[in-house]
Amino acid sequence: MFSARWQIDARFGHKQTVLELLKKWEREIGSQVGIADLKFQIMTGSIGAREATVESHHQVESLAQLEAFFAKIGKIDAHAKWGKEIEPYVVSGTSLWQIFRIVE
C-alpha cells in the first residue's frame, strides 16, 4: 500500500482559496475517478511545516492503481480547467508529488 502526496504552497493570503478549490476538485473531478476509494485527505502545514503548504493525500493499493488514477484524471477536461483556475493562488514551482510505502 502507498500514500501518494501532492503538495503545493499557497500564495500569501490565498490559502483559504486554495483549500476551497481543492475541495471543489474533490467534489467535481475526484468523484468521477473514485477518489472516495483512495482515502483522500486535505492537510495544511501547522507545526514544523510552512503554514502556506497544502497537501492532498491519496491512499492506493498499488502503483498500478495510482497510474490508473492519473490516466483517468488526465482525460477529464474539467481537471485541466481546474488547474488553470487554481494556478493564480499557488506559488509557482512548489508543486511536488511524493509516494510513500505504507509499512503498517
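E85 forms a salt bridge with K24, the closest N and O atoms being 2.9 Å apart; a salt bridge is a side-chain nitrogen of Lys or Arg within 4 Å of a carboxyl oxygen of Asp or Glu. Because E85 lies in helix α3 and K24 in helix α1, the pair ties together parts that are 61 residues apart in sequence. Helices (H or I, at least four residues) and strands (E, at least two) are DSSP runs, numbered from the N terminus.

This is a predicted model, in which local features need pLDDT of at least 70 and side-chain atom pairs count only at pLDDT 80 or more, while totals for chains, interfaces and linings use all residues. Residues are numbered from 1 along each chain as its sequence is written, and side-chain values use heavy atoms, with hydrogens and water left out.

## Salt bridges involving strand β1

By the rule above, the count comes to three salt bridges. One of them joins R5 to E55, with the closest N and O atoms 3.2 Å apart, and this pair links distant parts of the chain, R5 being in strand β1 and E55 in strand β3, 50 residues apart. R5 is partly exposed at 21% relative accessibility, whereas E55 is buried, with a relative accessible area of 10%.

D9 forms a salt bridge with R50, the closest N and O atoms being 3.0 Å apart; here D9 in strand β1 is linked to R50 in the loop between β2 and β3, 41 residues away. D9 is buried, with a relative accessible area of 8%, while R50, at 52% relative accessibility, counts as exposed.

## Strand pairing around β3

Strand β3 (residues 53–60) is mostly covered, seven of its eight residues being buried. Two strands pair if DSSP finds at least two bridges between them. Strand β1 (residues 2–9) is joined to β3 by eight bridges, and the two run antiparallel, with D9 standing opposite T53 of β3. Strand β2 (residues 41–44) also pairs with β3 in the antiparallel sense, over four bridges, and there M43 stands opposite E55.

## The nonpolar core

A nonpolar core is a set of buried Ala, Val, Leu, Ile, Met, Phe, Trp, Tyr and Cys residues joined through side-chain atoms within 4.5 Å. The largest such core has 24 residues, of which I8, V18, W25, F69, W82 and I86 touch the most other members. The elements giving two or more residues to this core are β1, α1 (15–28), β3, α2 (63–74) and α3 (77–86), and the largest share, five residues, comes from α1. I86 touches I8, V18 and L21, residues up to four places away in sequence not being counted, where contact means heavy atoms within 4.5 Å.

Helix α2 has twelve residues and reaches 16 Å from its first C-alpha to its last, close to the 16 Å expected at 1.5 Å a residue; the expected span is 1.5 Å times one less than the number of residues. The buried residues of α2 are L66, F69 and I73. They cover an arc of only 55 degrees around the axis, which puts them on the same side of α2, the arc being that of the directions from the helix axis to the C-beta atoms.

What covers these buried residues includes β1, α1, β3, α3 and β4 (96–101). The face of α2 turned away from its buried side carries the exposed residues A64, E67 and G74.

Methods:
Buried means under 20% relative accessible area, exposed over 50%, partly exposed in between (1.4 Å probe, protein chains only).
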